[in-house]
Amino acid sequence: MTAPTSRYRRALALPAGMALATALAFLPGVNASAATATPAASADGPTLSYVVNVRPGHAVSARVQQAIAEAGGSVVVAYDRIGVIVAHSANPGFAQRIRSVRGVDSAGATRNAPLPAQSTTDLGTPRTLSAGEAAQVTAADGQDPLEPLQWDLPAIKADKAHEKTLGSRDVTVAVIDTGVDDTHPDIAPNFDRAASANCVSGKPDTTDGAWRPSASESPHGTHVAGEIAAAKNGVGVTGVAPGVKVAGIKVANPDGYFYTEAVVCGFVWAAEHHVDVTNNSYYTDPWYFNCTTDPDQKALVDAVTRASRYAERKGAVNVAAAGNESYDLASDSITDPVSPNDGTPSDRVIDPHECYDIPTQLPGVVTVAATGAKGLKSSFSNYGLGVIDIAAPGGDSTAYQKPEPPATSGLILGPLPGGKWGYMAGTSMATPHVAGVAALIKSTHPHASAALVKALLYAEANATPCTDPYDINGDGKVDAVCEGSKNRNGFYGWGTADALAAVTR
């Protein structure tokens, strides 16, 4: 379901006019040393970005800093608490040379394309809700105007949860993504500016509005933010947790790539700004799966692992999308045709037990599969016993899973930049439902640790048995095989997220 050139690993194009759902992530920086070394080696290649992983807890050692300079590199930022250094170099042998330096655990290039990005592209647009369609909607008392079109809210009992509570203003969810339009009338009332930043360079930029997408960039992050916390204010749609705050951490560059240095910055920024939940509807470019047997890819896994674990230690629940390629992430092998997506991809066969989709498959991260309007695994959603933790509405083609009236689309309705609303689909859209439920749990149990919030999220999920046989298009052919029990399986993990249980148990 994913074209080889697709950069939005959590968004997809679906049949029957379904909108492309893209998922990207951007995050600003955090307290970090800003040591800079002057390159000494000759620059005989394109300038690339690298991560250099060292022992955490100390400023960049003079030895490592000198080695980076002698290898033709310059330090952009050093996240001392996790031991991750972001550096730039035009020396093609930079990573290999730095890996031999005493005190360096791993080092690798974060990209194949030179700095800076040279073009702006987007993989399609959501289907915007027309004024005529909006005018035909009749909302009940207490509903926002477009809420009747949101079949996904009753699917996780969010409408019932809102009768109990809308969530706490003391809880913040950070959307690590393509940027958030905080001027949107459904987002502005709940936007947390202090916890927002632009992390695209790997170093946080807190200039006012830096977290917003430009007119040419993806609306993905704005849609995600609205799914989580669109205000219940008589305008547009309602979020899963419409009383909590939402922050935007922009980590996708103008080309739509989520590079490692930006993702690291995003997690660290969230950790340092006391965010309670992070939403990660993307995979870290340029490798769909990062193989730890490759020294460059291993460095990327190390860096993002350190950053995500740091955020969790600081109290954040990290929630991530499972992906849209119908892969069995628990299988022995997967053919990855899209990596590296900023270079020359090839069909490479990987072992998902050794090659990881990051942050999705990292320890401690809540991995989310998507369901459609009938509660079945979405046709595109990745799956896998022991990998999928929980499921939530992400949409599907109406040809496969048609919602009950008055809803008309099998996709997920949410805000779009510029004060608009539109439909998107993907595990990108499932993830914010889980992030919203986690925010409601944190609202109900304000002193709960990240580990406890995750435990409650799984324990309170609505156990969903395997769909067997799974023939989503009705052609008589099994499209995917679900393994496991009713209480934990490869399609739905511990079950479907339950917002009502989150506020009543």
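A residue is termed buried when its relative accessible area is under 20%, exposed when over 50%, and partly exposed in between, with a 1.4 Å probe and protein chains only. The model is predicted, so local features need pLDDT of at least 70 and side-chain atom pairs count only at pLDDT 80 or more, whereas totals for chains, interfaces and linings use all residues. Residues are numbered from 1 along each chain as its sequence is written, and side-chain values use heavy atoms, with hydrogens and water left out.

Arg306 is buried, with a relative accessible area of 18%, and is found in helix α8 (residues 295–313). Helices (H or I, at least four residues) and strands (E, at least two) are DSSP runs, numbered from the N terminus. The side chain of Arg306 makes polar contacts, defined as pairs of N or O atoms within 3.5 Å; within protein, one atom must be able to donate a hydrogen and the other to accept it, and residues adjacent in sequence count only if both atoms are side-chain atoms. In another, a polar atom of the Arg306 side chain lies 3.1 Å from the backbone oxygen of Gly83. With contact taken as heavy atoms within 4.5 Å, and neighbours within four places in sequence left aside, Arg306 is in contact with Asn53, Val54, Pro56, Ile82, Gly83, Val84 and Asp105.

Val54 stands opposite Val104 in β4. Strand β1 (residues 48–54) and β4 pair in the antiparallel sense over five bridges; two strands pair if DSSP finds at least two bridges between them. Five of the six residues of β4 (residues 104–109) are buried, so this strand is largely enclosed by the rest of the structure.

Val264, in helix α7 (residues 260–272), is buried with a relative accessible area of 0%. Residues up to four places away in sequence not counted, Val264 touches Tyr79, Ile82, Val84, Ala303, Val304 and Ala307. Val264 and Ala303 are 39 residues apart in sequence, and their C-alpha atoms are 6.8 Å apart in space.

An open sheet of three strands has the order β5-β18-β17, with antiparallel pairing. Strand β18 (residues 420–424) is joined to β17 by five bridges, and Gly422 in β18 is the bridge partner of Gly414.

Helix α6 (residues 220–229) lies across β17 and β18, running at about 115° to β17. Axes are lines fitted to C-alpha atoms, for helices over the stretch in contact, and angles run from 0 to 180 degrees between N-to-C directions. Because 10 of the 10 residues of α6 are buried, this helix is largely enclosed by the rest of the structure. The buried residues of α6 pack against β6 (172–177), β8 (245–250), β9 (277–280), β17, β18 and α9.

Helix α9 (residues 427–444) also packs with helix α10 (residues 450–459), at an angle of about 115° and with axes 10 Å apart. In this contact, Val434, Val437, Ala438, Ile441 and Lys442 of α9 meet Val453, Leu456 and Leu457 of α10. By class, the contact has seven nonpolar, no polar and one charged residues, where Ala, Val, Leu, Ile, Met, Phe, Trp, Tyr, Cys and Pro count as nonpolar, Asp, Glu, Lys and Arg as charged, and the others, Gly among them, as polar.
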